[in-house]
Amino acid sequence: MSGATVVLGSQWGDEGKGKLVDILSRDFDICARCAGGNNAGHTIVVTSPVDGVKTTYAFHLIPSGLINPNCTGIIGNGVVIHLPSLFKELEALEQKGLSCANRLFISDRAILVFDFHQIVDGLKEIELGGSSIGTTKKGIGPAYSGKASRSGLRVHHLFDHDTFAEKFRKLVEGRFKRYGYFDYDTEGEIERYKTLATKLKPYVIDSVSYIHNALSSGKRILVEGANALMLDIDFGTYPFVTSSSTTIGGVCTGLGIPPKFIKSTIGVVKAYTTRVGGGPFPTEQLNDIGIHLQEVGCEYGTTTGRRRRCGWLDLVVLKHSSLINGYDKLNLTKLDVLDQLEDIKIGVKYIVDGKELAGFPADLDLLAKVQVEYMSLPGWKVSIENVTRYEDLPQTCRKYVEFIEHFLGIPIEWIGVGPGRERMIRKGNVNGL
């Protein structure tokens with residue numbers, strides 16, 4: 001059946017969406033990105049069936065479904081694109097034997113990120129001082145700001161060089177007026193983008209027509225979300241968020257797909273909680289547990305290399321996330337990271353002044369006051385990395401999985417028990433996706 005299946009991050013990102021997208025994409029014709037930029041990152045480990053050699057692929061802008069040779073990738077209109085980074089990523093993938101020729105396309109409506117956006121990103125963080133958000137300094141926020149203020153440059157602008165040059169000069173001059181003069185070769189960039197435009201042109205399409213022609217012809221589309229619900233510009237821990245819509249709504253606006261074509265929405269949930277950068281984190285563990293999760297879980301960012309903050313699984317966050325995105329099923333990842341813990345806690349309520357909050361609060365001052373009520377479950381104290389069937393997981397491990405399912409009222413269909421694509425258990429009998 002034609003239509004779109006959507007994979008979204010349910011926490012603060014880094015849940016392991018790329019691995020599920022890689023596995024599912026073999027059953028899809030198209031894999032599409034709908035939001036974010038190269039501030040997002042997916043790491044996928046592929047083991048060769050011939051010699052057992054492991055290859056690690058790092059994706060930032062390019063849809064990770066392209067690991068599968070029969071899948072076409074689309075970077076949608078909702079994505080912001082830094083072209084030098086795009087071509088650098090393409091080159092790195094091709095050096096590892098992954099050819100994207102004739103199967104990667106880019107929307108002509110996508111907004112461009114320039115080097116001056118990245119400089120401004122850093123200047124804005126300095127300006128915020130002690131209240132800095134902790135951005136990746138990839139220029140994502142300033143590019144989306146330009147889009148919202150209707151001064152951004154889109155991919156199609158590149159192909160009228162004189163008009164592009166005029167608009168680009170005005171943009172840079174505007175930044176000089178706002179932030180003071182900074183070292184930037186405006187004319188050099190204009191010439192650089194003349195060359196990049198020629199290089200980019202074979203990839204550029206009217207993505208709306210392309211996607212709807214695909215749907216009309218019965219093709220199946222897999223949408224790969226970037227970032228996650230708690231980083232959404234509306235529903236996340238604002239202002240410690242990204243600058244785009246990371247929700248199911250962002251899928252519709254970021255690709256031009258009406259809701260009626262979305263057949264299934266999958267939320268990816270890490271078996272504990274992590275976040276990068278500043279902002280509130282109610283279940284964060286600044287202790288030996290947090291260090292254990294960081295080290296055993298290799299919690300370092302694909303894009304930035306930054307150490308991730310770690311804590312217990314937060315079901316208040318996930319309830320908030322599931323209300324907004326309407327997940328049909330879940331993928332629980334990195335469950336093996338909990339293997340050696342004696343006791344495992346799950347956050348189930350937020351309490352303020354003796355009263356339970358009805359949901360995840362918008363007010364960060366209120367959030368700072370919450371006391372998390374935990375449910376404590378026994379650990380399983382054995383390695384589950386080589387388990388291939390749900391029934392063979394330790395009983396206490398299954399109880400952990402089923403507690404999450406019952407609390408959220410959403411079935412968990414995939415369980416990650418190790419880094420490789422073969423370390424994914426399929427739970428239950430599901431017809432289709």
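**Figure 1. Strands E16 and E17 form a hairpin.** Between the two strands lie 2 residues. Asp353 sits in this turn, with a positive phi of about 55 degrees. The pairing of E16 with E17 (residues 355–356) is antiparallel and uses 2 bridges. Within it, Val352 stands opposite Lys355. Strands (E, at least two residues) and helices (H or I, at least four) are DSSP runs, numbered from the N terminus. Two strands pair if DSSP finds at least two bridges between them. The model is predicted, so local features need pLDDT of at least 70 and side-chain atom pairs count only at pLDDT 80 or more, while totals for chains, interfaces and linings use all residues. Residues are numbered from 1 along each chain as its sequence is written, and side-chain values use heavy atoms, with hydrogens and water left out.

**Figure 2. Strand E16 also pairs with E14 and E18.** E16 covers residues 343–352. Its link to E18 (residues 371–378) is antiparallel, with 8 bridges. Here Ile344 stands opposite Leu377. Its link to E14 (residues 313–314) is parallel, with 2 bridges. There Asp314 stands opposite Gly347. How many of the 10 residues of E16 are buried? The count is 7, and the strand is mostly covered. Buried means under 20% relative accessible area, exposed means over 50%, and partly exposed lies in between (1.4 Å probe, protein chains only). In a regular strand, side chains alternate between the two faces of the sheet.

**Figure 3. UniProt places a "binding site" at Asp14 and Gly41.** The entry is unreviewed. UniProt positions follow the numbering used here, feature names are shortened, and annotations may be inferred rather than shown by experiment. Asp14 lies in the loop between strand E1 (3–9) and helix H1 (17–24). Gly41 lies in the loop between strands E2 (30–33) and E3 (42–47). Asp14 is partly exposed, at 24% relative accessibility. Leaving out residues up to four places away in sequence, Asp14 touches Lys270, Thr274, Val276 and Arg308. Contact means heavy atoms within 4.5 Å.

**Figure 4. Phe114 and Tyr193 form an edge-to-face aromatic pair.** Their ring centres are 4.9 Å apart, with 70 degrees between the planes. Rings of Phe, Tyr and Trp (its six-membered ring) pair if their centres lie within 6.5 Å; planes under 30 degrees apart count as stacked, over 60 as edge-to-face and the rest as tilted. Phe114 is in the loop between strand E8 and helix H3, and Tyr193 is in helix H6, so the pair ties together parts 79 residues apart in sequence. Phe114 is buried at 0% relative accessibility. Tyr193 is buried at 1%. Both belong to one aromatic cluster, whose members include Phe164 and Tyr184.

**Figure 5. Lys199 lies over the face of Phe87.** The distance is 4.5 Å from the ring centre. Likewise, the charged end of Lys427 sits over the ring of Tyr390, 5.0 Å from its centre. A charge sits over a ring if NZ of Lys or CZ of Arg is within 6 Å of the ring centre and within 35 degrees of the ring normal.
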